[in-house]
Amino acid sequence: MSHKVYNWQLKRKMKYKYPQVRPQRQVAWVFDTNKCIACQTCTFACKNAWTSGKGQEYMWWNNVETKPWGFYPLGWDVRILEKLGAQKWRGDTYKGDTIFETPGYGEETLGFIPDDDDYMYPNIGEDEGSVAVKKGEYIKVPHQPWMFYLQRICNHCTYPACLGSCPRKSIYKRKEDGIVLIDQKRCRGYQECVKGCPYKKSFFRASTKKSEKCISCYPAVEKGKQTQCVQNCIGKIRLFGYKSKWRSPRADNPIDYLVHIAKIALPLYPQFGLEPNVYYIPPVNVPENFNKQLFGPGARRAVQMYGRAAKDKKLIGILMLMGCTDKIIHSFKVKGDLARGFAYGYDEKGREIIKVPLKEPIIIRKQHDKQRDVRRISIT
Ligand code: SF4
Ligand code: SF4
């Protein structure tokens, strides 16, 4: 038994196991791939918080992989892309099949279970370019070799494949915020969620014989705080908040602005059909077709817009607000001009929680600091 549901990322209806039920508001993230330095601080912030126990050694609820050769687990995306076959877009409408529309006989979704070995190389491909630069070669600009860092967590999908695949109904999506959780008491460890999730973000724990996944740091979120991976991001590439319904975005909500109004932040592999809720500002230095395969047909426009961001006060304002507070920003405002103005973030009650300049000041310090009587040595 399946139902017809609407997927706004595909601009069409599709099959899903359960009827369409959207939460009152949806937790969502925006990651700016262009600013990530792959320091993995987010990865370890998450691991220290949630998966440091026995049996969780290979569980990386957050990981950062280098595309095109990085994967965790091994080949997670290329294997499902291959099974899915041709993925056709006509304009903004997806004309191919989703993983819910091409399952094998008796299956809920198209999927596969990785082998144990596939979890053995979390850093495979790290910092490797698309092609090798041979000895003696030098890089010309613009250059052919490229790579970028892809930050990955559970997408707390609107149509979660993990939830749709679970025969025990152990997985549920919270009405109040759309967080997807596995009820540890109900789970019997059948691993259908591991098989069904195309992002491979549900993990089996051999020591408890149950599956576990990202919980969107819900104890922090319920207190108005952003998730650990966002709070600890060194590159300030991440933003966490609530996304409004796709039909009624709010221009003063930073997530709505990036996703629905500017349309600069795009879902990862929307063609899978899950309506994932982690959104990416695509990398500017990779071939257009690769970006399109990962982020859909809006990638080209998003890259062009990023190139013009310096002239867009609202966009710059949100980019500057990213990573500047541990609190959830519910609304924002930009005041003043690009050279001297500020961006402000507000909490749910409209109280100011953060103020940042639109243009980061550059301070050139004197070689001799008279106050401290120290001399600074320039190493450049
Ligand atoms: S990313 Fe995977 S584990 Fe997370 S909600 Fe979607 S299907 Fe479930
Ligand atoms: S902490 Fe931020 S900059 Fe560092 S790897 Fe994670 S997302 Fe990238």
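**Exercise 1. Which residues are buried in H7?**

*Solution.* Start with the ground rules: this is a predicted model, in which local features need pLDDT of at least 70 and side-chain atom pairs count only at pLDDT 80 or more, while totals for chains, interfaces and linings use all residues. Residues are numbered from 1 along each chain as its sequence is written, and chains are lettered from A and ligands numbered from 1 in the order in which they are written.

Step 1: find the helix. H7 covers residues 254–261; helices (H or I, at least four residues) and strands (E, at least two) are DSSP runs, numbered from the N terminus.

Step 2: apply the burial test. A residue is buried if 20 or more other C-beta atoms lie within 10 Å of its own, exposed if 12 or fewer, and partly exposed in between, with C-beta atoms placed from the backbone. Seven of the eight residues of H7 pass: Pro254, Ile255, Asp256, Tyr257, Leu258, Val259 and His260.

Step 3: look at the partners. These buried residues pack against strands E3 (26–32), E12 (238–243), E14 (278–281) and E15 (331–335) and against helix H10 (313–321); residues are in contact if their C-beta atoms, placed from the backbone, lie within 7 Å. After H7 comes Lys263, with a positive phi near 60 degrees.

**Exercise 2. Describe how H8 and H9 meet.**

*Solution.* Step 1: take the axes, which are lines fitted to C-alpha atoms, for helices over the stretch in contact, with angles from 0 to 180 degrees between N-to-C directions. Those of H8 (residues 288–295) and H9 (residues 299–307) come within 8 Å and cross at roughly 115 degrees.

Step 2: classify the angle. Under 35 degrees counts as roughly parallel, over 145 as roughly antiparallel, 65 to 115 as roughly perpendicular and the rest as oblique. H8 and H9 are therefore roughly perpendicular to each other.

Step 3: list the contact. H8 gives Glu288, Asn291, Lys292 and Phe295, and H9 gives Ala299, Arg300 and Val303.

**Exercise 3. Compare the shells of the two ligands.**

*Solution.* Step 1: collect neighbours, meaning residues whose C-beta atom, placed from the backbone, lies within 6 Å. Ligand 1 has 14, the closest being Cys154, Cys157, Pro160, Cys162 and Cys197. Ligand 2 has 14, with Cys36, Cys39, Cys42, Cys233 and Gly235 nearest.

Step 2: sort by class. Ala, Val, Leu, Ile, Met, Phe, Trp, Tyr, Cys and Pro count as nonpolar, Asp, Glu, Lys and Arg as charged, and the others, Gly among them, as polar. The shell of ligand 1 has nine nonpolar, three polar and two charged residues; that of ligand 2 has nine nonpolar, four polar and one charged.

Notes: Contact = placed C-beta atoms within 7 Å.
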